[in-house]
Amino acid sequence: MKWFREHTRATIAGVILLLLLSLTVASYVNQGSNSWIGIQLERVSAFLQEPVSDAGNGVSTTIKGIFQLRQLLAEREALLEENARLRNELIEQALSRADLAELRSLTEAMNYIDPTEDYSYVTAKVIAMDGSSWYRIFTINAGTENGVRKNAVVINGDGLVGRILDVGPNWAKVITVIDENNDVSFQVFRELSLLGILSGDGEGKIAGYMLDEDAAVIEGDILVTSGMEIYPQGIPIGKVSRITWDKDALLRTVEIEPAVDFTKVQKVTVIMTVAADTEQAEQ
Amino acid sequence: MKNRSAFIFFLVGFLLQSTLVQSFSIMGVTPNFLLCLTILFAFLYQGNQGIIFGLIFGLLQDIAFSVLIGPAAILYFLIALLMSEIRHYLYRDSILNLFFASCIGTGLYYLAYWLILMVFKENYSFLYMLKDIPILLGLHFIVMVIFYLTVGKRSIRHPQDRYYKSPVKFRL
């Protein structure tokens, strides 16, 4: 006791360290579940971060616009060309409208249940992102008030972003697929029977393996979610950048370049299953 | 420095780090303002502002952006303690010493954070972590020098400082 009295500073530091270590262990055991204090802190933080983030994006866009004028002009040309091509496609597809109407009447007659009708969507804006390279976790400005639930799937225009890790009234924390230690099952878009499992490789990319060791996957193949876990089927994950044969594990491993640039995510869509919502509402 | 001013510095650092700075990253790397402020306040100023605000804002950073809650708070706390010890042995009016403090703080933070992630079975490559360190050292030093030249020079001077001038003027 005498030593503790004589070394007050060291004692206080030791107690604080012990408390923090206990907190770390507790958060590891209960991953993704925040305490009441944590939720309220996040709420205040989200309230402050949103206007700063808006201002930051405005400044960044203006500065980039000044320095990237040539690039923007080239992009404009490319978009005009794409627009013309899409208009032509639209004319061509108008011809198949009659076929579509016929198919729809057939689905009604057969009482077919469309799986995509089981999902609801919420669009949100990224208001804060982790500055370090440890995690690519970010906060969005939609929460339980908007119907967002924990483990809901998050996508953007390019593909799969991740899932909701934690949620508060007006915010939600998104963990990206590159941070995931959990496995995600995928299928090759070119040949849907080719299945595999992937997870973050700890280097900002995704890596995985094919379930069939003889799977004819090739570099450049686009991978999509298979719909086996929380992720609905058909969301683009990325492109195969390298294929290797693991002699020890007897597995065909693939390195995947993510479809989404996680450093530049600004808007996302949260997909929620109606079944999960109903379950939660009943509880 | 007053506690209120220190709190505002840390709050602004936290907000900038998570929002505005993301738009101006260099090769995908952005400075860690909270780490810089923790080192600066613990190294330049007497008192426990670096330790206390480092701990509080480290926790806030963990709550907002991490799966694990605690690593950043622990490391800011330990680095601030280390810096408050180092300041007894180094002159605070030298930019070279600031560079030394910045290197020690940044290197320790990233190495220890990686170790904590390894203990908790997170998947994170050591080489991937190392590749950002040179850019981070440069960015952190720039941030610290800017702070030192604009704000830090107003730090309270003490007799052990090399160029200490007594505020009391003696008349002959």
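User: In this predicted model, which residues of α2(B) are buried?

Analyst: The model is a predicted one. In α2(B), 12 of the 12 residues are buried, so the helix is largely enclosed by the rest of the structure. The buried residues are Phe33(B), Leu34(B), Leu35(B), Cys36(B), Leu37(B), Thr38(B), Ile39(B), Leu40(B), Phe41(B), Ala42(B), Phe43(B) and Leu44(B).

User: Which helices do the buried residues of α2(B) pack against?

Analyst: Chain B has 7 helices and 0 strands, and its pattern along the sequence reads α-α-α-α-α-α-α. The packing partners of the buried residues of α2(B) all belong to chain B: α1 (3-18), α3 (49-65), α4 (71-86), α5 and α7.

User: What is the distance between the end C-alpha atoms of α2(B)?

Analyst: α2(B) has 12 residues, and at 1.5 Å a residue it should span 16 Å. The modelled helix agrees with this expectation, its end C-alpha atoms being apart by 16 Å.

User: Within what arc do the buried residues of α7(B) fall?

Analyst: The buried residues of α7(B) are Leu136(B), Leu139(B), His140(B), Val143(B), Met144(B) and Phe147(B). Seen down the helix axis, they line one face of α7(B), because they fall within an arc of 130°.

User: Which exposed residues does the face of α7(B) turned away from its buried side carry?

Analyst: An α-helix has 3.6 residues a turn, so residues three or four places apart point the same way. The buried residues of α7(B) pack against α2 (33-44) and α5 (95-119) of chain B. The face turned away from that buried side carries the exposed residues Pro134(B), Ile146(B) and Leu149(B).

User: Which residues touch the most other members of the largest nonpolar core?

Analyst: This core has 94 residues. The residues in it that touch the most other members come from chains A and B: Ile140(A), Val174(A), Ile39(B) and Tyr76(B).

User: Which element gives the most to this core, and with how many residues?

Analyst: The largest nonpolar core includes Ile39(B), a buried residue of α2(B). The element that gives the most to the core is α2(B), with 11 residues.

User: Which residue stands opposite Val126(A)?

Analyst: β1(A) pairs with strand β2 (residues 137-140) of chain A in the antiparallel sense, over 3 bridges. Apart from residues up to four places away in sequence, Val126(A) is among the residues touched by Ile140(A), as are Ala124(A), Trp171(A) and Val268(A). In β2(A), the residue opposite Val126(A) is Ile140(A).

User: How many bridges join β1(A) to β12(A)?

Analyst: Strand β1 (residues 119-129) and strand β12 (residues 267-273) of chain A run antiparallel. Ser120(A) stands opposite Met272(A) in β12(A). The number of bridges joining β1(A) to β12(A) is 7.

User: Which element gives the most to the side of chain A that touches chain B?

Analyst: The contact takes 38 residues from chain A and 35 residues from chain B. On the side of chain A that touches chain B, α2 (8-29), α3 (36-67), β1 and β2 each supply at least two residues. By class, this side has 16 nonpolar, 19 polar and 3 charged residues. The element that gives the most to it, with 11 residues, is α3(A).

User: Which residues of chain A does Leu68(B) touch?

Analyst: Leu68(B) is found in the loop between α3 and α4 of chain B, and it counts as buried because it has 22 C-beta neighbours inside 10 Å. Leaving aside residues up to four places away in sequence, it touches Asp62(B) and Phe120(B) and, from chain A, Thr24(A), Ser27(A) and Tyr28(A).

User: What is the C-alpha to C-alpha distance between Leu68(B) and Leu117(B)?

Analyst: Leu68(B) and Leu117(B) are 49 residues apart in sequence. In space, their C-alpha to C-alpha distance is 8.8 Å.

User: What is the phi of Asn151(A)?

Analyst: Asn151(A) lies in the loop between β2 and β3 (153-155) of chain A, and Asn151(A) is partly exposed, with 14 other C-beta atoms within 10 Å. Most residues other than glycine have a negative phi. Asn151(A) is not a glycine, yet its phi is positive, at about 70°.

User: What percentage of the residues in chain B is buried?

Analyst: In chain A, with 6 helices and 12 strands, 28% of the 283 residues count as buried. Of the 172 residues in chain B, the buried ones make up 42%.

Note on methods: Residues numbered from 1 in each chain as written. Chains lettered and ligands numbered in written order. Predicted model: local features only at pLDDT ≥ 70, side-chain atom pairs only at ≥ 80, totals over all residues. Buried ≥ 20, exposed ≤ 12 C-beta atoms within 10 Å, placed from the backbone. Helix = DSSP H or I, 4+ residues; strand = E, 2+ residues; numbered from the N terminus. Arc of directions from axis to C-beta. Contact = placed C-beta atoms within 7 Å. Core = buried A, V, L, I, M, F, W, Y, C linked by C-beta atoms within 7 Å. Pairing = 2+ DSSP bridges. Nonpolar A, V, L, I, M, F, W, Y, C, P; charged D, E, K, R; others polar. Expected span 1.5 Å × (residues − 1).
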